[in-house]
Amino acid sequence: MQNRRTGRTLDAMAAPVQFEVRHEFDAPARVVWDELVDWPGHAAWVPMTRVEVEPGDPTVPGARFTAWTGPWKLALEDRMEVVRCDWDEAASSGDCEVAKLGPILGGRAGFTVEPVGDGGAVVTWVEDVSVKYVPGFAAPVVARLGAAGFKQGMKGLAKLIAKRQPT
């Protein structure tokens, strides 16, 4: 199907969306890392999201999982494959990157977890994706909405971790 105004096929229409979100946690970096790489666990802190992981170690390169975000049949399907997911025990830091495999999102996303302050951690989450069926001129709006969603998700994760931390 073609867009009448541009003449491009809908499959060729994709908005390039890039954003970065940073969030500090009052929890050890390893605790934050463990929550972030628990793909199905994202449902506890990302609103209206569920995640299914293929069998095997979900953090090795090549591992695949799918997230659905949104209400019922309107949920966005986001298939992903782990490119790298490495925790450095000596540095108490980790780095993870996934490839977005469609059907709507393509590109890469990832996060780093680093220690900060006295027992805290900072997460830097980066999205560099293309969003099918969204025209390029809408990319800044989609990026702002995406960043806002991830900021809320990080706040939700911080609350979840705080509940689980011993007092």
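Biologist: W87: buried or exposed?

Modeller: W87 is buried, at a relative accessible area of 19%. Buried means under 20% relative accessible area, exposed means over 50%, and partly exposed is in between, with a 1.4 Å probe and protein chains only.

Biologist: What kind of model is this?

Modeller: It is a predicted model, in which local features need pLDDT of at least 70 and side-chain atom pairs count only at pLDDT 80 or more, while totals for chains, interfaces and linings use all residues. Residues are numbered from 1 along each chain as its sequence is written, and side-chain values use heavy atoms, with hydrogens and water left out.

Biologist: Aromatics next. How many aromatic pairs does a search of the whole structure find?

Modeller: The search finds seven aromatic pairs. One of them is F19 with F150, which counts as tilted because the ring centres are 5.5 Å apart and the planes stand at 50°. Rings of Phe, Tyr and Trp (its six-membered ring) pair if their centres lie within 6.5 Å; planes under 30 degrees apart count as stacked, over 60 as edge-to-face and the rest as tilted.

Biologist: Where are F19 and F150 in the chain?

Modeller: F19 is in strand β1 (residues 14-25) and F150 is in helix α2, 131 residues apart, and the pair links these distant parts of the chain. Helices (H or I, at least four residues) and strands (E, at least two) are DSSP runs numbered from the N terminus.

Biologist: And F19, buried or exposed?

Modeller: F19 is buried, with a relative accessible area of 12%. F150 counts as partly exposed, at 24% relative accessibility.

Biologist: Back to W87. Which residue forms an aromatic pair with W87?

Modeller: W33 does, and the pair is tilted, with 5.6 Å centre to centre and 40° between the planes. W33 is in helix α1 (residues 29-36) and W87 in strand β4 (residues 76-88), so the pair links distant parts of the chain, 54 residues apart. W33 is buried, with a relative accessible area of 4%.

Biologist: Which residues do ring pairs link into a cluster?

Modeller: The cluster holds F19, W33, W39, F65, W87, F111, W125 and F150.

Biologist: Changing topic, how many salt bridges are there?

Modeller: The count comes to 11. A salt bridge here is a side-chain nitrogen of Lys or Arg within 4 Å of a carboxyl oxygen of Asp or Glu.

Biologist: Which residue forms a salt bridge with D95?

Modeller: R84 does, with the closest N and O atoms 2.6 Å apart. The pair links distant parts of the chain, with R84 in strand β4 and D95 in strand β5, 11 residues apart. Both ends are partly exposed: R84 has 32% relative accessibility, and D95 has a relative accessible area of 24%.

Biologist: What about E97, which residue does its side chain meet in a salt bridge?

Modeller: The side chain of E97 meets R84, at 2.3 Å from N to O. E97 lies in strand β5 and R84 in strand β4, so this pair ties together parts that are 13 residues apart in sequence. E97 is buried, at a relative accessible area of 16%. R84, D95, E97 and R108 are linked in a network of salt bridges.

Biologist: How far apart are the closest N and O atoms of E77 and R79?

Modeller: They are 3.7 Å apart, and E77 and R79 form a salt bridge. E77 is partly exposed, with a relative accessible area of 26%, and R79 counts as partly exposed at 34% relative accessibility.

Biologist: Backbone now. Which peptide bond is cis?

Modeller: The bond from G102 to P103 is cis, with omega near 5°. P103 is in strand β5 (residues 93-103).

Biologist: What is phi of W72?

Modeller: Phi of W72 is near 35°, a positive value in a residue other than glycine. W72 lies in the loop between β3 (64-69) and β4, and it is exposed, with a relative accessible area of 76%. Y133 is not a glycine either, and has a positive phi of about 70°. Y133 sits in the loop between β7 (120-132) and α2.

Biologist: Last one. Which residues form a positive surface patch?

Modeller: K151, K155, K159 and K163 form it. Patches are made of residues with over 30% relative accessible area and no salt bridge, where like charges are joined within 9 Å and nonpolar side chains (Val, Leu, Ile, Met, Phe, Trp, Tyr) within 5 Å. K155 is in helix α2 (residues 139-164) and is partly exposed, with a relative accessible area of 45%.

Notes:
Areas by Shrake-Rupley, 256 points an atom, 1.4 Å probe, with all protein chains shown as cover. Lys, Arg positive; Asp, Glu negative; His and termini not counted. Charge placed at Lys NZ, Arg CZ, Asp CG, Glu CD.
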